[in-house]
Amino acid sequence: MAASSKVGKELVNEMNQALEKHGVDMRVFALVDEAIGDLAGGRYYKKETFAAISLGMGTNAAYVESAQAVPKWDNPSPKSGELVINMQWGGFTSSHLPVSEFDASLDAESSNPGSQIFEKLISGMYLGEVVRRVLLKMAMETALFGETIPSKLAVPYLLRSPDMAAMHQDTSEDREVVDEKLREIFRITNSTPMVREVVAEVCDIVAERGARLAGAGVVGIIKKLGRIANKRSVVTVEGGLYEHYRVFRNYLHSSVWEMLGNELSDNVIIEHSHGGSGAGSLFLAASQTQNADFSTQSADFRAS
């Protein structure tokens, strides 16, 4: 089944017809985007949840909006008076984003140049690659790792974000984890404590930038909804980058508090998702099984 032939069609119905055709005794009730699943799960556990952020290998965000505030929505207003907006914020781009020469070269050499710029600045797929590109230039221009440039340092995407996080969060006196990762990944065996400190600092700069940009996105949603001064607001976040990269997570939280100020930040709670998008998808599917003939409509608005 070619995906292009299904554009604009009810995909859930198409999937059920295909299952029936092949004699599979199963029915699909909901096809859910990860961010939407996160939001559904967060909303189930805490009614004050108004937005969900996915921060893993990729990134996205979704939030709850008043139907009256969505001029593009021309269908009957839902009973709740609210709609869920799937932002697809990974595709956001702006001249105000802090795109460096390393980001520009990464984008130009990617499989989708000119697209998903915000995602390439903040998601787990790309953070380690940005660090690698910075270290490669430092090795070429300052002999950071000696007179010979390590050949492995020129291999794209060899440094994964979990390894970047391990180096960044190394608290040993001589940065022993940094030394271990440099040996293991790039075959660099002659690093000094000072060089390891530089590597950790590069990781810190790239991680803080990504986390602060994600935090700015959260604050933007809060301001858009006018929730800052008068409502307790919960943002649920899912994804390995947020869950396992402690320093990145702390930078995200502190940036939101900094942008909102001490008084207003007390109204905003950012927490790890309860069960993730899988749990939210189950809740949505369960709600559909109560009325098998019930059909849903969704609006997907892309930032431009």
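Aspartate 163 counts as buried because its relative accessible area is 7%, under the 20% cut-off. In this predicted model, the side chain of aspartate 163 meets that of arginine 160 in a salt bridge, with 3.6 Å from N to O. What about the other end of this pair: how exposed is arginine 160? Arginine 160 has a relative accessible area of 46%, so it is partly exposed; the limits for that class are 20% and 50%.

Elsewhere, salt bridges with shared partners tie Glu109, Glu129, Arg132 and Arg133 into one network. Within that group, glutamate 129 and arginine 133 come together at 2.8 Å, N to O. These two residues are four apart in helix 5, so about one helical turn separates them. Are they buried or exposed? Both glutamate 129 and arginine 133 are buried.

Helix 5 itself covers residues 124-142, which makes 19 residues. From first C-alpha to last it reaches 28 Å, close to the 27 Å expected at 1.5 Å a residue. Just past the end of helix 5 comes alanine 143, with a positive phi of about 55°.

If you look through the whole structure, you will find 17 salt bridges. One of them pairs arginine 209 with aspartate 103, and their closest N and O atoms are 2.6 Å apart. Where in the chain do the two partners sit? Arginine 209 belongs to helix 8 (residues 193-225) and aspartate 103 to helix 3 (residues 101-108), so the pair links distant parts of the chain, 106 residues apart. Both arginine 209 and aspartate 103 are buried.

## Strand 2 and its two neighbours

Now for the strands. Strand 2 (residues 59-66) is mostly covered, with seven of its eight residues buried. Which strands pair with it? Strand 1 (residues 49-55) pairs with strand 2 in the antiparallel sense, over five bridges, and a hairpin of three residues joins the two. To find your way along this pairing, look for serine 54, which stands opposite asparagine 60 of strand 2.

Strand 3 (residues 82-86) also runs antiparallel to strand 2, and five bridges join them. Here alanine 62 faces asparagine 86 of strand 3.

Leu11, Met15 and Leu31 make a nonpolar surface patch of about 240 Å². One of its members, leucine 11, lies in helix 1 (residues 11-21). With a relative accessible area of 35%, leucine 11 is partly exposed, and a patch member needs over 30%.

## The chain as a whole

Stepping back, the protein chain holds 12 helices and five strands. Its C-alpha trace spans about 70 × 55 × 35 Å along the principal axes. Of the 304 residues, 45% are buried.

How many of the contacts between residues at least 6 apart in sequence join residues at least 24 apart? The share is 69%.

Conventions. Residues numbered from 1 in each chain as written. Predicted model: local features only at pLDDT ≥ 70, side-chain atom pairs only at ≥ 80, totals over all residues. Heavy atoms only, no water. Expected span 1.5 Å × (residues − 1). Patch = residues over 30% accessible without salt bridge, like charges linked within 9 Å, V, L, I, M, F, W, Y side chains within 5 Å. Areas by Shrake-Rupley, 256 points an atom, 1.4 Å probe, with all protein chains shown as cover. Salt bridge = Lys/Arg side-chain N within 4 Å of Asp/Glu carboxyl O. Buried < 20%, exposed > 50% of the residue type's maximum accessible area, 1.4 Å probe, protein only. Pairing = 2+ DSSP bridges. Contact = heavy atoms within 4.5 Å.
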